Amino acid sequence: MKILALGAHPDDIEIFMFGTMAAYAAQGAELTFAMATDGAKGGKGDPGALARARRHEAAQAAALLGAAPRFLDFPDGALVADATLIAALKALIGEIGPDLAITHAPNDYHGDHRALSDGVRIAASFDVPVLHADTLGGTGFSPTHYVDISAHAEVKAKAIRMHQSQDPERFVDAARTQNLFRSGQCNGAQGSLAEAFRFEPVFPFADIRALLPPAPSIRPVTVSTKRVD
(Lines give C-alpha, C1' and ligand atoms only; values in the text may rest on other atoms or scores of the structure.)
Protein backbone atom coordinates (compact mmCIF):
# COMPACT_ATOMS: atom_id res chain seq x y z
CA MET A 1 0.00 0.00 0.00
CA LYS A 2 1.16 3.54 -0.77
CA ILE A 3 0.22 6.34 1.62
CA LEU A 4 0.73 10.03 0.90
CA ALA A 5 0.71 12.28 3.97
CA LEU A 6 0.56 16.01 3.30
CA GLY A 7 1.26 18.69 5.89
CA ALA A 8 1.26 22.43 5.42
CA HIS A 9 4.39 22.90 7.57
CA PRO A 10 7.40 20.71 8.37
CA ASP A 11 6.05 19.44 11.73
CA ASP A 12 2.35 19.01 10.92
CA ILE A 13 2.50 15.35 9.89
CA GLU A 14 4.28 14.51 13.14
CA ILE A 15 1.71 16.29 15.32
CA PHE A 16 -1.51 15.26 13.61
CA MET A 17 -0.92 11.85 12.00
CA PHE A 18 2.49 10.36 12.79
CA GLY A 19 1.12 7.58 14.97
CA THR A 20 -1.01 6.41 12.06
CA MET A 21 1.97 6.64 9.75
CA ALA A 22 3.89 4.43 12.18
CA ALA A 23 1.03 1.93 12.14
CA TYR A 24 1.17 1.90 8.34
CA ALA A 25 4.95 1.43 8.43
CA ALA A 26 4.49 -1.58 10.71
CA GLN A 27 2.19 -3.04 8.04
CA GLY A 28 4.86 -2.55 5.38
CA ALA A 29 3.26 0.40 3.60
CA GLU A 30 5.29 2.74 1.40
CA LEU A 31 5.12 6.22 2.91
CA THR A 32 5.65 9.62 1.34
CA PHE A 33 5.60 12.77 3.50
CA ALA A 34 4.96 16.00 1.58
CA MET A 35 5.49 19.41 3.20
CA ALA A 36 3.75 22.22 1.32
CA THR A 37 5.55 25.28 2.76
CA ASP A 38 9.12 25.98 3.77
CA GLY A 39 8.22 26.82 7.38
CA ALA A 40 10.25 30.04 7.25
CA LYS A 41 7.77 31.94 9.44
CA GLY A 42 7.75 29.38 12.24
CA GLY A 43 10.11 31.31 14.50
CA LYS A 44 12.42 34.28 14.91
CA GLY A 45 15.71 35.03 13.21
CA ASP A 46 16.81 34.60 9.61
CA PRO A 47 13.95 33.06 7.56
CA GLY A 48 16.33 31.29 5.20
CA ALA A 49 18.24 29.65 8.03
CA LEU A 50 14.99 28.62 9.71
CA ALA A 51 13.66 27.11 6.49
CA ARG A 52 16.85 25.07 6.10
CA ALA A 53 16.71 23.93 9.72
CA ARG A 54 13.09 22.89 9.44
CA ARG A 55 13.73 20.99 6.23
CA HIS A 56 16.46 19.03 8.02
CA GLU A 57 14.20 18.37 11.02
CA ALA A 58 11.41 17.08 8.78
CA ALA A 59 13.80 14.79 6.93
CA GLN A 60 15.05 13.37 10.24
CA ALA A 61 11.50 12.70 11.43
CA ALA A 62 10.53 11.02 8.15
CA ALA A 63 13.62 8.82 8.39
CA LEU A 64 12.28 7.30 11.62
CA LEU A 65 9.74 5.43 9.49
CA GLY A 66 11.75 5.19 6.29
CA ALA A 67 9.37 7.65 4.64
CA ALA A 68 10.37 9.61 1.56
CA PRO A 69 10.22 13.37 2.32
CA ARG A 70 9.07 15.74 -0.40
CA PHE A 71 9.33 19.52 -0.10
CA LEU A 72 7.08 21.70 -2.24
CA ASP A 73 8.66 24.89 -0.81
CA PHE A 74 5.72 27.26 -1.10
CA PRO A 75 6.10 30.41 1.08
CA ASP A 76 5.06 29.88 4.68
CA GLY A 77 1.94 31.80 5.69
CA ALA A 78 0.85 32.53 2.13
CA LEU A 79 -0.47 29.21 0.86
CA VAL A 80 -3.44 29.52 -1.48
CA ALA A 81 -5.38 26.78 -3.25
CA ASP A 82 -4.62 28.29 -6.63
CA ALA A 83 -3.65 26.75 -9.95
CA THR A 84 0.03 26.60 -9.00
CA LEU A 85 -0.55 24.62 -5.80
CA ILE A 86 -3.11 22.33 -7.41
CA ALA A 87 -0.78 21.61 -10.33
CA ALA A 88 2.04 20.72 -7.92
CA LEU A 89 -0.25 18.44 -5.94
CA LYS A 90 -1.60 16.78 -9.08
CA ALA A 91 1.94 16.11 -10.26
CA LEU A 92 2.88 14.62 -6.89
CA ILE A 93 -0.20 12.38 -6.80
CA GLY A 94 0.41 11.30 -10.37
CA GLU A 95 4.03 10.44 -9.65
CA ILE A 96 3.42 8.49 -6.44
CA GLY A 97 0.09 6.83 -7.25
CA PRO A 98 -1.05 6.61 -3.60
CA ASP A 99 -3.88 4.40 -2.39
CA LEU A 100 -4.81 7.05 0.18
CA ALA A 101 -3.96 10.71 0.79
CA ILE A 102 -4.14 12.16 4.31
CA THR A 103 -4.06 15.87 5.00
CA HIS A 104 -5.51 18.64 7.16
CA ALA A 105 -9.17 19.16 7.84
CA PRO A 106 -10.75 21.96 5.79
CA ASN A 107 -11.66 23.84 9.00
CA ASP A 108 -8.31 23.59 10.81
CA TYR A 109 -6.93 26.59 12.66
CA HIS A 110 -4.22 27.78 10.24
CA GLY A 111 -4.88 29.35 6.85
CA ASP A 112 -2.11 27.28 5.28
CA HIS A 113 -3.77 24.11 6.59
CA ARG A 114 -7.11 25.10 5.10
CA ALA A 115 -5.56 26.02 1.76
CA LEU A 116 -3.69 22.73 1.53
CA SER A 117 -6.84 20.80 2.42
CA ASP A 118 -8.75 22.53 -0.38
CA GLY A 119 -5.89 22.01 -2.83
CA VAL A 120 -5.59 18.29 -2.07
CA ARG A 121 -9.33 17.80 -2.41
CA ILE A 122 -9.31 19.37 -5.87
CA ALA A 123 -6.10 17.71 -7.01
CA ALA A 124 -7.19 14.24 -5.84
CA SER A 125 -10.22 14.19 -8.15
CA PHE A 126 -10.94 10.56 -9.19
CA ASP A 127 -7.37 9.44 -8.50
CA VAL A 128 -7.24 8.90 -4.74
CA PRO A 129 -9.52 9.12 -1.67
CA VAL A 130 -8.70 11.88 0.80
CA LEU A 131 -8.81 11.45 4.57
CA HIS A 132 -8.76 14.48 6.88
CA ALA A 133 -6.72 14.50 10.09
CA ASP A 134 -7.92 15.90 13.41
CA THR A 135 -7.89 19.64 13.98
CA LEU A 136 -5.76 21.40 16.58
CA GLY A 137 -7.39 20.64 19.92
CA GLY A 138 -10.17 18.80 18.08
CA THR A 139 -12.02 22.07 17.60
CA GLY A 140 -15.01 21.72 15.28
CA PHE A 141 -14.00 18.18 14.30
CA SER A 142 -16.35 15.19 14.17
CA PRO A 143 -14.37 11.98 13.58
CA THR A 144 -15.63 9.13 11.45
CA HIS A 145 -12.58 6.88 11.90
CA TYR A 146 -10.01 6.20 14.61
CA VAL A 147 -6.59 4.52 14.50
CA ASP A 148 -5.05 2.88 17.55
CA ILE A 149 -1.57 4.37 17.99
CA SER A 150 -0.87 3.00 21.48
CA ALA A 151 2.09 0.96 20.25
CA HIS A 152 3.54 3.96 18.43
CA ALA A 153 3.34 6.70 21.07
CA GLU A 154 7.08 6.77 21.70
CA VAL A 155 8.08 7.11 18.07
CA LYS A 156 5.46 9.82 17.56
CA ALA A 157 6.88 11.80 20.49
CA LYS A 158 10.39 11.25 19.15
CA ALA A 159 9.34 12.53 15.73
CA ILE A 160 7.81 15.69 17.20
CA ARG A 161 10.97 16.25 19.22
CA MET A 162 13.03 16.19 16.02
CA HIS A 163 11.64 19.69 15.43
CA GLN A 164 13.81 21.43 17.99
CA SER A 165 13.30 24.80 16.31
CA GLN A 166 9.61 24.64 17.32
CA ASP A 167 9.84 24.21 21.11
CA PRO A 168 8.44 20.70 20.61
CA GLU A 169 7.51 19.67 24.16
CA ARG A 170 4.34 21.76 23.96
CA PHE A 171 3.24 19.72 20.95
CA VAL A 172 4.25 16.41 22.51
CA ASP A 173 2.02 17.17 25.49
CA ALA A 174 -0.87 18.55 23.44
CA ALA A 175 -0.83 15.62 21.02
CA ARG A 176 -0.81 13.05 23.81
CA THR A 177 -3.71 14.76 25.57
CA GLN A 178 -5.71 14.78 22.35
CA ASN A 179 -4.82 11.17 21.51
CA LEU A 180 -5.90 10.01 24.98
CA PHE A 181 -9.21 11.80 24.57
CA ARG A 182 -9.83 10.37 21.10
CA SER A 183 -9.22 6.84 22.37
CA GLY A 184 -11.62 7.40 25.25
CA GLN A 185 -14.16 8.87 22.84
CA CYS A 186 -14.32 5.59 20.92
CA ASN A 187 -14.29 3.52 24.15
CA GLY A 188 -10.70 2.37 23.84
CA ALA A 189 -8.93 0.68 26.73
CA GLN A 190 -7.80 2.82 29.65
CA GLY A 191 -4.52 4.54 28.77
CA SER A 192 -4.68 3.71 25.08
CA LEU A 193 -4.10 6.35 22.40
CA ALA A 194 -5.83 7.04 19.12
CA GLU A 195 -5.64 9.49 16.25
CA ALA A 196 -8.94 10.62 14.79
CA PHE A 197 -9.86 11.23 11.17
CA ARG A 198 -12.85 12.23 9.08
CA PHE A 199 -13.76 10.82 5.71
CA GLU A 200 -16.30 12.46 3.44
CA PRO A 201 -17.39 9.94 0.78
CA VAL A 202 -16.86 11.29 -2.72
CA PHE A 203 -17.58 9.19 -5.79
CA PRO A 204 -16.04 6.73 -6.56
CA PHE A 205 -14.67 6.40 -3.02
CA ALA A 206 -17.48 5.46 -0.64
CA ASP A 207 -15.76 3.32 2.00
CA ILE A 208 -12.08 3.38 3.02
CA ARG A 209 -12.17 1.13 6.09
CA ALA A 210 -10.04 -1.50 4.35
CA LEU A 211 -7.32 1.12 3.80
CA LEU A 212 -6.89 2.00 7.48
CA PRO A 213 -4.90 0.41 10.32
CA PRO A 214 -7.00 -1.03 13.18
CA ALA A 215 -9.04 1.18 15.48
CA PRO A 216 -8.88 0.74 19.27
CA SER A 217 -10.72 -2.33 20.51
CA ILE A 218 -14.17 -1.50 21.84
CA ARG A 219 -14.64 -2.36 25.49
CA PRO A 220 -17.93 -3.85 26.67
CA VAL A 221 -20.24 -1.43 28.44
CA THR A 222 -21.15 -2.88 31.84
CA VAL A 223 -23.24 -1.88 34.82
CA SER A 224 -21.81 -1.60 38.31
CA THR A 225 -21.19 -4.91 40.10
CA LYS A 226 -21.58 -3.36 43.55
CA ARG A 227 -24.58 -4.50 45.54
CA VAL A 228 -26.68 -1.90 47.32
CA ASP A 229 -29.11 -3.19 50.02
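Asp11 and Arg54 are both buried, where buried denotes under 20% relative accessible area, exposed over 50%, and partly exposed in between (1.4 Å probe, protein chains only). The model is predicted, so local features need pLDDT of at least 70 and side-chain atom pairs count only at pLDDT 80 or more, while totals for chains, interfaces and linings use all residues. Residues are numbered from 1 along each chain as its sequence is written, and side-chain values use heavy atoms, with hydrogens and water left out.

Asp11 and Arg54 form a salt bridge whose closest N and O atoms are 3.2 Å apart; the term requires a side-chain nitrogen of Lys or Arg within 4 Å of a carboxyl oxygen of Asp or Glu. Because Asp11 lies in the loop between strand E1 (2-7) and helix H1 (12-26) and Arg54 in helix H2 (residues 47-63), the pair ties together parts that are 43 residues apart in sequence. Helices (H or I, at least four residues) and strands (E, at least two) are DSSP runs, numbered from the N terminus.

The structure holds nine salt bridges. Among them, Arg161 pairs with Glu169 at 2.6 Å, N to O. Arg161 counts as partly exposed at 35% relative accessibility, and Glu169 counts as partly exposed at 35%.

Thr103 belongs to strand E4 (residues 100-103) and is buried, with a relative accessible area of 0%. Its side chain reaches the backbone oxygen of Leu6 at 3.0 Å. Thr103 also touches residues including Met17, Val120 and His132, not counting residues up to four places away in sequence; contact means heavy atoms within 4.5 Å.

Note on methods: Polar contact = N/O pair within 3.5 Å; in protein donor to acceptor, adjacent residues only side chain to side chain.
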